[in-house]
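Let's walk through this model together, one question at a time.

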Amino acid sequence: MGLLKLRRLLVVLILGLLIGVTTAGGGSGKCGFPAVYNFGDSNSDTGGISAAFNAIQPPNGETFFRRPSGRACDGRLIVDFIAEKLKLPYLSAYLDSLGTNFRHGANFATGGSSICPGGYSPFHLGIQVSQFIQFKSRTTDLFNRLHSNNKTSIPIKRIARPQEFSKALYTFDIGQNDLAYGYQHSSEEQVRASIPDILNTFSEAVQQLYKEGARYFWVHNTGPIGCLPYSILYNKSPDNRDSNGCVESQNEVSREFNRQLKSRLLKLGKKLPVARIIHIDMYSAKYLLITEAKTQGFVKNPVKFCCGSYYGYHIDCGKREVVNGTVYGNPCKDPSRHISWDGIHYSEAANLWIANHILNGSFSDPPLPIDKACRAPSYA
């Protein structure tokens, strides 16, 4: 074969491969996830803890929803931007009994939740996975009964399709409260020592979901806890600060947690033959925002937050008190200038900035955008 013919053959083969990549999965290379099932804490809770216990009060929700939406934020969370990116509706909280629509997924996250039992909330990850298993079983039974009766009523339009559970994306944003609760009830050394047990529990949850047919996993690591205003205000030691004013020792434990989480996900990928697991470095994305706060239009001081008070009087966002003539609890005038909404949770503006940086694959391993997460390699 002549050199010219060989070159032409190579060009044809390369073009064929490129066409195959771009046309698989609907012509754009995107996965077309039909649903999202989310597990987490208040960073991704869209109304679970509010439905279960006390409703989250105004001014939460004021920026986007114009009313409380069950989110500990002035507006949307990262999980909301995930839904937008995948062109799906916002996820209804599993625990919410009113106005819910589970056609394209469900949210099992609840505020205060941890991976292990015994933290701030009873709805730890094991309970959330149990709720999903019950949800899947009952949904499948209800769908089959309604479908066999040829009913096209409202209920069948609002429930998931049984065949789509294996095609859905399973997202996780949990672990922060395991560390935070540990800091309040033990030493940092004990918290660090607890990480392997925490991740054992996490691994068991992923394997349970895999047995239920879950195949695509999008896992956020934990953020820089030491940069939360709450952490900074309650840790006074100036010797325990990094260049951004964050509590360095707590951030170091977060980084160790994340190192072990990434290693554990790699092992899970090898153990679960057809799983596709993507690890998202939320820590680096959030820390980058804090580092570049001023240039990105936010107030530079990481201690600044918009709603509530930790300055001598602990007043949760949504409450208001007058102490010695001083009003505590009123929100700031412009939440979009603050990275932190209430000292613990991020503002909508910060969530949007972070979402724009993680959903395109810039902080993912392997480096795939979320709408192509199904193309992650198998490690088995």
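Contact here means heavy atoms within 4.5 Å. This is a predicted model, where local features need pLDDT of at least 70, side-chain atom pairs count only at pLDDT 80 or more, and totals for chains, interfaces and linings use all residues. Residues are numbered from 1 along each chain as its sequence is written, and side-chain values use heavy atoms, with hydrogens and water left out.

Q: Which residues does Ser 309 touch, not counting residues up to four places away in sequence?
A: Helices (H or I, at least four residues) and strands (E, at least two) are DSSP runs, numbered from the N terminus. Ser 309 sits in the loop between H10 and strand S6 (321-323). Setting aside residues up to four places away in sequence, Ser 309 touches His 314, Ile 315 and Tyr 328.

Q: Is Ser 309 buried or exposed?
A: Buried means under 20% relative accessible area, exposed over 50%, and partly exposed in between (1.4 Å probe, protein chains only). The relative accessible area of Ser 309 is 3%, so Ser 309 is buried.

Q: How many of the ten residues of helix H10 are buried?
A: H10 spans residues 282-291 and is mostly covered. Its buried residues include Met 282, Tyr 287 and Ile 290, and the buried residues pack against elements including helix H9 (248-271) and strand S5 (276-280).

Q: What is the bridge partner of Val 219 in S5?
A: Two strands pair if DSSP finds at least two bridges between them. S4 and S5 pair in the parallel sense over five bridges. Within this pairing, the partner of Val 219 is His 279.

Q: Which residue in S8 does Ile 280 stand opposite?
A: S5 also pairs with strand S8 (residues 364-365), in the antiparallel sense over two bridges. Opposite Ile 280 stands Ser 364.

Q: Is Gly 75 buried or exposed?
A: Gly 75 lies in the loop between helix H2 (48-52) and H3. Beyond its neighbours within four places in sequence, Gly 75 contacts Gly 61, Phe 64, Phe 65 and Glu 348. Its relative accessible area is 0%, so Gly 75 is buried.
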